[in-house]
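Hello,

Here is the structure we talked about passing on. Please open it and read the notes below alongside.

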Amino acid sequence: VQLQASGGGLVQAGGSLTLSCAASGDIFRINSMRWYRQAPGKQRELVAVITRGGSTHYDDSAKGRFTISRDNAKNSVYLLMGSLKPEDTAVYYCNADIQVSASYEYEYWGQGTLVTVSS
């Protein structure tokens, strides 16, 4: 199983960017999916999470500006980021709890995609 993240790039403050992450491989079911980020010199932090049923939770820094969504048919999760600030600059990682069978679930990470917000 692999997670492939994409969509990062350079954007001006106040702009928007959408990140995508697609899972592939021998997948039975994908449960919760998440976006994390890690800024230079800082620890990785949870940005947003979405359950298989669509319930969402956001870090306070993302509330009102970011929207997490998913497409279960495409095994994909998205992060729409708006009103971007320089402090949103980080490498963004997707993460998912994936069942490879009815009995076994593992946590997987994508490779990270860099978001740079210029002031």
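Which handedness does the disulfide of C21 and C94 have, and why? The torsion about its S-S bond is about 60 degrees, so the disulfide is right-handed. Please keep in mind that this is a predicted model.

**The disulfide**

The structure holds one disulfide. The sulfur atoms of C21 and C94 are 2.0 Å apart. C21 sits in strand β3 (residues 17–24) and C94 in strand β9, so the bond ties together parts that are 73 residues apart in sequence. Are these cysteines buried or exposed? C21 is buried, with a relative accessible area of 1%. C94 is buried too, also with a relative accessible area of 1%. The cut-off for buried is under 20%.

**Strands and sheet**

β3 also belongs to an open sheet. Four strands make up that sheet, in the order β1-β3-β8-β7. The pairing is antiparallel. β1 (2–6) and β7 stand at the edges. Each has a single partner strand, so one side of each is left without a neighbour in the sheet. On average, neighbouring strands of this sheet are turned by 15 degrees against each other, direction ignored.

β7 and β8 are joined by six bridges and pair in the antiparallel sense. In that region, D71 stands opposite S76 in β8.

Next comes β9, the strand that carries C94. How many bridges join β9 to strand β10? There are five, and the two strands run antiparallel. β10 covers residues 105–109. A hairpin of five residues joins β9 to β10. Across the pair, D97 stands opposite E107 in β10.

**Salt bridges**

How many salt bridges does a search of the whole structure find? It finds five. Three of them are worth a look here.

Start with E45 and R37. Their side chains meet in a salt bridge, N to O 2.7 Å.

Next, D88 and R65. The closest N and O atoms of this salt bridge are 2.8 Å apart. D88 lies in the loop between β8 (76–81) and β9 (90–99), and R65 in the loop between β6 (56–58) and β7 (66–71), so the pair ties together parts that are 23 residues apart in sequence. Both D88 and R65 are buried.

These two pairs belong together. R37, E45, R65 and D88 are linked in a network of salt bridges. In the viewer, I would show those four residues in one view.

Last, K63 and D60. Their salt bridge has its closest N and O atoms 3.1 Å apart. K63 counts as partly exposed, at 48% relative accessibility. D60 is exposed, with a relative accessible area of 61%.

**In short**

For a quick tour, begin at the disulfide that joins C21 to C94. Then follow the sheet in the order β1-β3-β8-β7. Move on to the hairpin between β9 and β10. Finish with the salt-bridge network of R37, E45, R65 and D88.

Best wishes

Notes
Residues are numbered from 1 along each chain as its sequence is written. This is a predicted model: local features need pLDDT of at least 70, side-chain atom pairs count only at pLDDT 80 or more; totals for chains, interfaces and linings use all residues. Side-chain values use heavy atoms; hydrogens and water are left out. A salt bridge is a side-chain nitrogen of Lys or Arg within 4 Å of a carboxyl oxygen of Asp or Glu. Buried means under 20% relative accessible area, exposed over 50%, partly exposed in between (1.4 Å probe, protein chains only). Two strands pair if DSSP finds at least two bridges between them. Axes are lines fitted to C-alpha atoms, for helices over the stretch in contact, and angles run from 0 to 180 degrees between N-to-C directions. A disulfide is a pair of cysteine sulfur atoms within 2.5 Å.
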